[in-house]
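Subject: Structure for you to look at

Hello,

Here is the structure I said I would pass on.

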Amino acid sequence: MENTYVKHQYEHILPKKDEWPVVKLSKNRKEFVKKVAESAKKSVLDLTGESVDLLKEELETTLYREKLRIKQNPWAVDPDDEKDFWNKVKSKLVQLSAEASLTKTQKKKHYIAILDEITMRYSEEIASNFVHTHYKITRRIVTFGFSRLLNAARVKGFKSIFSNQYTLQDKIQITGETDQIRELAAKGTIVMVPTHFSNLDSILIGWVISVLGLPPFIYGAGLNLFNISIFAYFMNALGAYKVDRRKKNLIYLETLKTYSSESLQFGVHSLFFPGGTRSRSGAIEKKLKLGLLSTTIEAQRANFQKGVTDSQGKIFIVPVTINYHFVLEAPSLIQEYLTMTGQERYYKESDEFSTSYKIFKFLVKFFTKGSDISVSIGRAMDVLGNYVDAEGNSMDKNGRQINTMDYFLSAGKVNIDAQREEEYTNFLGRRIVEEFHRINRVFSSHLVAFTAFEMIKKENKKMDLYSLLRLPEDDIFLVYVEFKEECERVLKRIYELEAEGKLQVAPHLKQGIDAIIDHGLANVGMYHAKRPLVKNDLGNIETQDMTLLYYYHNRLEGYGLEKLF
Amino acid sequence: MASKNSSKEKSIGVVGMGSFGTSIANILAEKSKVIAYARRPEVVDEINTLHKVEGLPINEKIIATHDPEYLCKSCDTIFFMIPSAGFQEVVRLFSPYLYPYHIVIHGTKGLCLNLPQGKTLEEVGTISRSNILTMSEVILKETVVIRVGCLAGPNLAKEMYEGQPAATVVASKFNEVILEGQRLLRTDKFQVYGNSDIIGVELSGVLKNIIAIAAGALAGLGLGENAKGLLVSRGMVELVYLGNAMGGSVKSFIGLAGIGDLVATCNSTLSRNFTVGYRLAKGESLEEIMNTMEEVAEGINTVRLMKAFVEGTNMRAPITENLYKVLFGDLKIEEALQYLMKYPFSVDVDFL
């Protein structure tokens, strides 16, 4: 993969917005919502078999959980008529079970009618509200506003605010298979799967997609983000559909999956954060949430079943990593992680992204100071993790062209086999994790954080992680000369891994070791009140916050680098 | 892509016509058309003209070929029945003709060493799990086939050939592979169980060979049934620990492919692994034994790999370690036995 950062304006692959799949979808929103509700209903009925009792139980469980949620965990975005709706469902269910005169088939019909109402409501709630004019405005705000801020900070003088010397692309570098994704987006359906570290990711990716000249992607955003007005506007504009993590009932989950699968079959490019939520530990996702991922396999099979066997019906998985020196939410994320994994109680800090004001403050900081972000676009794969060429043909490990449809054949015919597709989903998940590690871009800050933490760990060999993290920061320091030596050793191994194609290295790591370390120290978690790593007056290395150091260290997990210590 | 919509039922492929491959081909031929692959032209001719393998008559419906491409094109489901030593090579030979619609089921009870290019086991010394491939992992690594299964269980080829009642396990992560295996193999005399833990089932078949060699050695020393009972149960414990460390589940080890196979091989003079142990105890050297055996005893290679694996972890596997010293060092069988009697096993069963 070439090392240069891509910085140029791409032509839009589909200049007319009416050709955008997402616009087509929003024009057909009403029918589409209905279609989703209908097929979600079918799949719930499939899952409950022909049994009326099971269906009844499912409806009752859903009702019970929804009432509990409304009572215990209400959000600002929840619609006002929610209570009424579920009360009505309740009275209908009560009535039905009391009714003795109805036959089983008649009862079933009534239950299905209730199910129908619920899937319809869910489908309506999930569906995205893409409005093209909002999208245009948002795009302008993001690029224009951001580049104004950027130039104001970097170019001196009164007129700097109108300068175009720096654009957003100086700040956020896009690398990797940019041409391929553009070509494939015109041929088939793209599913972009990025790593997830920060709430900023969705806006960032939205911007990347627009810079690459691609039509907007739809994506599932946590409903909680719609609580914040700024985000709600952006998300709607960028084509987000809503995922409510509070709703864990079967009917909701089926509707959500159906929504995704049907959109893919419709040809709308989609974005999944396959980790489900932001990485709490700071490490690249190892275990993926397979629910949404399974819809790519389902949609691909459905397209083959419909006889769409050319590239138009093909689904391409594109892994993306977002590489940061600094993650705003790091302190609260790592605390949550430690609370989850450790026996020790850590007190929880508030979420930095909780108010629009804090986000604004962060953005100003981000653009006026220099912390770069890079986004690596990986090679596109088919739904079984085989790389595809520019034409969208799948290739096996030996470069032989293969047909993705073959994976779904039994005795020469495409068939549905839920258990098979479950295994395929696991398989795809593992392939995505592999690709994440491969396209992950190592920064100077990752190097210094990793090395420093491993050195401290080695010095305190007998301690477990939690005691290590509780060490008083004042007692810890690393002698610069030794630190430098260790950094060099790790860096050497990183270069080896790069040569083996197992990871990527940012260009700023191709300079002298002292310069790399300085760069790393200056950048690692640079806006935190307590810095994970600093140089003290004597020139030695100190930490002000062990848990943050641990967080940034985790980014280089999974490469066997800890074996060096 | 070749058209696959021919209305004719496709044939079933069998790759490798050793004793086990021949037995399976015979069972398959009761229900399906079978195409068998043999590397040596004289075996192909013998099958096609005389309907015999090594002089033993086989089902007349079995057709032989030495063309991998022809076999892969004619069959959707293929059984690989090759010794582990040649497994990787044969899989590579077939790889260019295999596609994702193929189902591959193998019946090989061995392990394959997976080291970085140009390295040998002697140079590396100890190895980790990623350096060892089970046969299904070889298939996944070398081909594009993903629907992979394996056969394991007490399947002494000679008894199967004679049509005596027996059972086998078809293991695969894919239900459809298990169902396909059952559909093709199940007969009045051959029961087929399913298991989704393919790694556990493969390891059962592989690791029991170590115990089989030891059992042969005990018999060769003229020891009785008490000693054998001791060995089988201690061997089981060791098998479970090693198997767990390699990623198999305990359930599979106490099933047909584990205990079932262990009992059969530890009591049978038909087993090659048992024979190796027996002749060792009678004073022959490993070299002499290997030179005069027609088919490979998988257990020898398994002992070698597992010993290197055990050293890479912090485990103890007394039977494997001592057997290694007998096979490749100069420890006498009697001394190894003494060592085992003194070894401080304190708990009987602690894995359930």
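How many bridges join S2(B) to strand S5 of chain B, and do the two run parallel or antiparallel? Four bridges join S2(B) to S5(B), residues 62-65, and the two strands run parallel. Within this pair, Val34(B) is found opposite Ile62(B). Please bear in mind that this is a predicted model.

S2(B) also has a partner in strand S1(B), residues 11-15, and this pairing is parallel over four bridges as well. Here Val15(B) has Tyr37(B) as its bridge partner in S2(B). To get from S1(B) to S2(B), the chain passes through helix H1(B), residues 19-29, in a β-α-β crossover that is right-handed.

Lys208(B) is located in helix H9(B), which spans residues 198-220. Is Lys208(B) buried or exposed? Lys208(B) counts as buried because it has 33 C-beta neighbours inside 10 Å, and the cut-off for a buried residue is 20 or more. Leaving aside residues up to four places away in sequence, Lys208(B) touches Leu239(B), Gly258(B), Asp261(B), Leu262(B) and Thr265(B).

Regards

Conventions. Residues numbered from 1 in each chain as written. Chains lettered and ligands numbered in written order. Predicted model: local features only at pLDDT ≥ 70, side-chain atom pairs only at ≥ 80, totals over all residues. Pairing = 2+ DSSP bridges. Right-handed = clockwise from strand over helix to strand, strands pointing away. Buried ≥ 20, exposed ≤ 12 C-beta atoms within 10 Å, placed from the backbone. Contact = placed C-beta atoms within 7 Å.
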